[in-house]
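Reader: I've got a model open and I'd like to learn how to read it feature by feature. Can you walk me through it?

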Amino acid sequence: MELNEALKEGLNYLEDSKYTNPFFEVRLILSRLLDKDISYLIAHDKDILDEKILDEYFSILEKRKNGVPLQYIFGETEFFGNKFFIDENVLIPRDDTEISVEALIDIFEKNSVRNSLEIGAGSGIVSITMAMRYSDVNFTAVDISDYAIKNTKKNIERFNLENIKVLKSNLYENIEESYDIIYSNPPYIKSKDIEELQAEVKDYEPMLALDGGVDGLFFYREIINGLDKYLNKNGYVIFEIGYDQGDDLRELLKDYSVEVLKDLSNKDRVVIAKKGE
Ligand SMILES: C[S@@+](CC[C@H](N)C(=O)[O-])C[C@H]1O[C@@H](n2cnc3c(N)ncnc32)[C@H](O)[C@@H]1O
């Protein structure tokens, strides 16, 4: 089959799928399988594809039609300019989480930070991105999920980092130090809203990464309760939050000086709170 025919067939096959972008995806999938840029496909549209590539191509399209996210199919995703391993047992990093990284960079630039704790690291993208930039800061990333720990370790090895350690811990359970920075993007979706999530999220992403309890605030409360003990004086706690949780977090953090940052859609996305003397 010629390359242009494969693209056309792929396009037809995915046409009615709800959460795909067929025009972009068929090209992306084929270019990855051929290990070439998308522009190569245009110049070589009459090339005959070999059977093995075609089999893989159609098997990936079938997974996409069933809603499996591309990032899980490829086992990789891009975050803040770097490629990270991910598998179906960890949350797929969201673009909005880059706002958390920008907030953290701003704080690191303006303060003397010695150590940083992340609760609920998932694939490790946030702490690893920061550890790459700040080699003199000690990072600790914890998660309750063995899969997340394994995935984070794989990414730490990928970037050959020595200033970050990863621990299995239910919130602060296995934490012994106190920190200048505590960061978390915890599960924050209300339990009753989980059913309404799009199929790609609800059926394929781990529930452990999504469910924030009855009001979606369970993990924020737990983490805030530990700040007296685990956050150093003049330290910062930074949370990624749901678009409608800004006011709740201001209330939960009323003893702190709080700033809420917005995302590109002008919705509340990140909370920064500073602890006093
Ligand atoms: C929303 S995901 C965030 C993952 C990653 N930080 C990111 O932004 O892509 C939340 C993470 O919290 C972890 N988690 C859930 N309950 C936890 C708990 N009790 N203690 C520590 N981590 C927990 C989940 O396993 C999941 O990896």
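Predicted model: local features only at pLDDT ≥ 70, side-chain atom pairs only at ≥ 80, totals over all residues.

Reader: Fine. How many bridges do strands β1 and β2 pair over, and in which sense?

Author: Two strands pair if DSSP finds at least two bridges between them; strands are DSSP runs of E, at least two residues, and helices are runs of H or I, at least four, numbered from the N terminus. Here β1 (residues 76-79) and β2 (residues 82-85) run antiparallel, with four bridges. They make a hairpin with two residues between them, and Phe-80 in the turn has a positive phi of about 50°.

Reader: And what should I expect of side chains in a strand?

Author: In a regular strand they alternate between the two faces of the sheet.

Reader: Next, domains. Where do they lie in the chain?

Author: Bounds like these come from an automatic or database domain assignment. This one gives domain 1 as 3-67 and domain 2 as 89-274. Their centres, taken over C-alpha atoms, are 36 Å apart. Each side puts four residues into the contact, meaning heavy atoms within 4.5 Å.

Reader: How much area is buried between domain 1 and domain 2?

Author: Buried area is the accessible area (1.4 Å probe) that two parts lose on being put together, summed over both. For this pair that's about 390 Å², with carbon and sulfur atoms giving 50%.

Reader: How many salt bridges are there between the two domains?

Author: The rule wants a side-chain nitrogen of Lys or Arg within 4 Å of a carboxyl oxygen of Asp or Glu. Between the domains the count is one. Arg-64 and Glu-200 form a salt bridge at 2.6 Å, N to O. The overall count by this rule is 18.

Reader: Which residue does Glu-2 bridge to?

Author: Lys-46, with the closest N and O atoms 3.8 Å apart. Glu-2 sits in the segment before α1 (3-14) and Lys-46 in the loop between α3 (38-43) and α4 (51-65), 44 residues apart.

Notes. Residues numbered from 1 in each chain as written. Heavy atoms only, no water.
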